[in-house]
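Here is a short briefing on one structure.

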Amino acid sequence: MTTAAPNIAQLPADPSLISLAYHHEHPLQTYEFVDTLEVWTVTARIDADVLAEDMAAYSAMEQDSSDAVQDIAVGRMSFVRVRMFSPDHPFEAVDSYTGDVSRIGEVVLDVAAGEWEPAFEAVLAHLVGDLLIMDRVILEPAWRGCGLGPVLAGAAIRRPSQDCVAVCEPGSADGRELTYDQHREAAVKLGRVWEQLGFEPFQDGVHVLDCHLQRPQDLLAERQRDFGTLGNTWRQSRPLP
């Protein structure tokens with residue numbers, strides 16, 4: 001886990017206070033692909049009440065100061081779960097979402113048959129299950145550079161990934177305009193980041209994580225130990241009141 005930059009002491013708050021909030025919404029009245037696509041948004045943040053309590057433990061805070069404490073945004077992630085055995089055609093459902101998700105679908109799904117692409121199926125240890133696409137992982141600028149991405153994404157994947165194989169296409173997702181070379185450089189760098197969770201290159205820039213295996217769980221446990229070390233280091237560097 002890289003902790004060289006920025007200085008850990010410059011993080012906005014104790015990273016061990018971060019929590020993840022999951023949001024999945026769908027209308028009661030069914031519509032096309034609603035039973036096939038599940039879009040999950042995961043928000044990483046530090047709750048204002050938790051932060052105020054932590055600050056009060058280390059300094060004398062007046063009630064007005066405590067009431068003024070606000071949530072701290074850390075990052076946001078989005079995942080698309082594709083139910084492979086629904087009545088809908090899986091690729092048609094994926095193609096209805098976004099261009100990035102559709103491109104991943106073209107690599108891992110047989111567009112005509114609506115099943116796994118044979119080459120993709122060949123790399124899976126377990127053939128039964130759904131597809132989970134890691135669409136976006138974006139950290140707020142103040143939280144970048146300390147290795148938080150893998151532990152946040154790894155922890156977030158656990159909830160919606162039961163009986164799934166996960167895929168992603170590493171690349172910048174923070175809205176910056178990049179040249180072709182910059183995009184390739186970002187993809188290579190992020191590919192190495194997601195390898196820390198067990199994602200492996202498949203083809204055409206898509207990486208795969210077989211969530212049925214033990215190895216992703218072991219790697220997440222390693223990232224969580226790194227995260228614990230990060231929190232300890234931050235608390236040790238916290239200025240005395």
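In this predicted model, α8 gives the largest share of the lining of the second largest pocket, five residues. Helices here are DSSP runs of H or I with at least four residues, strands are runs of E with at least two, and both are numbered from the N terminus. Residues are numbered from 1 along each chain as its sequence is written, and side-chain values use heavy atoms, with hydrogens and water left out. Local features need pLDDT of at least 70 and side-chain atom pairs count only at pLDDT 80 or more, while totals for chains, interfaces and linings use all residues.

**The second largest pocket**

- The pocket has a volume of about 290 Å³. That volume is the space filled by probe spheres set on grid points, which are joined across faces, edges and corners.
- On a 1 Å grid over the protein atoms alone, a pocket is an open set of points where a 1.4 Å probe fits, with protein on both sides within 12 Å along at least five of seven lines.
- The lining has 13 residues, each with an atom within 4 Å of a point. Arg-158, Ser-161, Pro-216, Gln-217 and Leu-220 lie nearest the centre of the pocket.
- Two or more lining residues come from each of α6 (148-158) and α8 (215-237).
- By class, the lining has eight nonpolar, four polar and one charged residues. Ala, Val, Leu, Ile, Met, Phe, Trp, Tyr, Cys and Pro count as nonpolar, Asp, Glu, Lys and Arg as charged, and the others, Gly among them, as polar.

**Helix α6**

- α6 is mostly covered, with 10 of its 11 residues buried. Buried means under 20% relative accessible area (1.4 Å probe, protein chains only).
- Among the buried residues of α6 are Leu-148, Pro-150, Val-151 and Ile-157.

**Asp-130**

- Asp-130 is found in strand β6 (residues 130-139). Its relative accessible area is 8%, so Asp-130 is buried.
- The Asp-130 side chain makes polar contacts with the side chains of Arg-81 (2.9 Å) and Arg-83 (3.2 Å). A polar contact is a pair of N or O atoms within 3.5 Å; within protein, one must be able to donate a hydrogen and the other to accept it, and residues adjacent in sequence count only if both atoms are side-chain atoms.
- Asp-130 and Phe-85 are 45 residues apart in sequence and 7.9 Å apart in space, C-alpha to C-alpha.

**Paired strands**

- β1 (residues 19-23) and β2 (residues 37-46) pair antiparallel over five bridges. Pairing requires at least two DSSP bridges between the strands.
- β2 also runs antiparallel to β3 (residues 72-82), joined by 10 bridges.
- Thr-41 in β2 stands opposite His-23, and Ser-78 is its bridge partner in β3.

Conventions. Buried < 20%, exposed > 50% of the residue type's maximum accessible area, 1.4 Å probe, protein only.
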